[in-house]
Amino acid sequence: MKSSERNFARRIDLTSLQLFVAVCELGSIGKAAEREFIAASAVSKRLSDLEATLDTPLLYRHTRGVDLTPAGESLLHHARSVLFSLEKMQSELSEYADGVRGHVRVHASISAIVQFLPEDLGAFTREHSGIKIDLEEHLSTEVVRAVQEGAADLGICNTADGAGDLQVLPYRNDKLVLIAPRGHALCAQGAIKFEAALDYDQVGLHSNSSIYLAMREAAARLGRTIKLRIHVTGLDAMCRMIHNGLGVGVMPQRAFELMHGVGELESVPLLDAWAERQIQLVARDFSTLPLTARLLVEHLTLPTTQAAMQAALPRTAPAKPAKNAAAPARAAA
């Protein structure tokens, strides 16, 4: 940090930032003073000092209250970010007093969560009981954005559309298949190109999901459009809709295999290249992650590393079992 940046940080008063946000939220210095249990004159003085520190007006003051200047709009965005980070810091540090020795924020796509993460994270927490994992489900594009903006330490998703300046590591491979009601005409063909499914109504995932975007791009390359009947937000909902005759859909094969009893359905392999996907770990810089996050990355990439090592063994040598294999479902993924 440059000297000028350090001096700027020292001049910014967190209490003044809190009062500034309160004034912006309530639109009035008086109302903010009442909520924060402080004299209105003291609030006004702090705001004036803040404007002097930043050398720019932040508020338009009038008889009805206050409005933000363009500089005030910018400061409000940054002030909320700073205060939110402080709240997160307080929350995470308080957990250390309760015995939690580490904290990792993870955002992941539904494909990763349904197919692989329950077993992988379960095995990790059994080995590292003092590390808390906060897991949130998001679309792949939102996972990438969360990592870029620092809202997540680690992302797990399909990055077919690119990960920007983020670093990526391979996690798992999955394969997309077509799901159709049992006895459907497409089921008799064994394996199909996605083009054959375009003649039928489709049950699609969220319009910004990586699977639906891949379907739409595949249809566009063929000069076709998807006959979308309905969008759903979950794979179980997709299966129920397909079971009840609302169309056919595309989902990861392993996810379908794990959904026992969700309708009388069949999966049909897709021959398209885009149906073979790689789920990846994404981070701004793996080497600078906190130790707890690096331990999680090492654990999640272990199956990939072991598979590569076993593939390199001579065929006459028996493959050694994975040291930390968690479950048959994990080993088969």
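Predicted model: local features only at pLDDT ≥ 70, side-chain atom pairs only at ≥ 80, totals over all residues.
Residues are numbered from 1 along each chain as its sequence is written, and side-chain values use heavy atoms, with hydrogens and water left out. Local features need pLDDT of at least 70 and side-chain atom pairs count only at pLDDT 80 or more, while totals for chains, interfaces and linings use all residues.

Side chains of opposite charge can pair when their charged atoms come close. With a salt bridge taken as a side-chain nitrogen of Lys or Arg within 4 Å of a carboxyl oxygen of Asp or Glu, a search of the whole structure returns 12 salt bridges. One of them joins R46 to D13, with the closest N and O atoms 2.9 Å apart. Because R46 belongs to helix α4 (residues 40-54) and D13 to the loop between α1 (3-11) and α2 (14-26), this pair ties together parts that are 33 residues apart in sequence. Helices (H or I, at least four residues) and strands (E, at least two) are DSSP runs, numbered from the N terminus. For accessibility, buried means under 20% relative accessible area, exposed over 50%, and partly exposed in between (1.4 Å probe, protein chains only). On that scale R46 is partly exposed at 27%, and D13 is partly exposed at 31%.

Helix α4 also holds a pair of its own: K45 and D49 both lie in this helix, 4 residues apart, about one turn. Their salt bridge has its closest N and O atoms 2.8 Å apart. K45 is partly exposed, with a relative accessible area of 49%, and D49 is likewise partly exposed, at 36%.

A further salt bridge is found between R105 and D153, whose closest N and O atoms are 2.9 Å apart. Since R105 sits in strand β3 (residues 102-108) and D153 in the loop between α8 (140-149) and β5 (154-158), the pair ties together parts 48 residues apart in sequence. Both R105 and D153 are buried. Elsewhere, salt bridges link E25, R35, E36 and R80 in a network.

Turning to the rings, Phe, Tyr and Trp (its six-membered ring) pair if their centres lie within 6.5 Å; planes under 30 degrees apart count as stacked, over 60 as edge-to-face and the rest as tilted. By this rule the count is 2 aromatic pairs. The ring centres of F116 and Y171 are 6.1 Å apart and the planes stand at 90°, so this pair is edge-to-face. It links distant parts of the chain, 55 residues apart: F116 is in the loop between α6 (110-115) and α7 (117-127), and Y171 is in strand β6 (residues 167-181). F116 is buried at 2% relative accessibility, and Y171 is buried with a relative accessible area of 2%. F194 and W274 form an edge-to-face pair, 5.4 Å centre to centre with 85° between the planes.

After α8 comes G150, with a positive phi near 85°.
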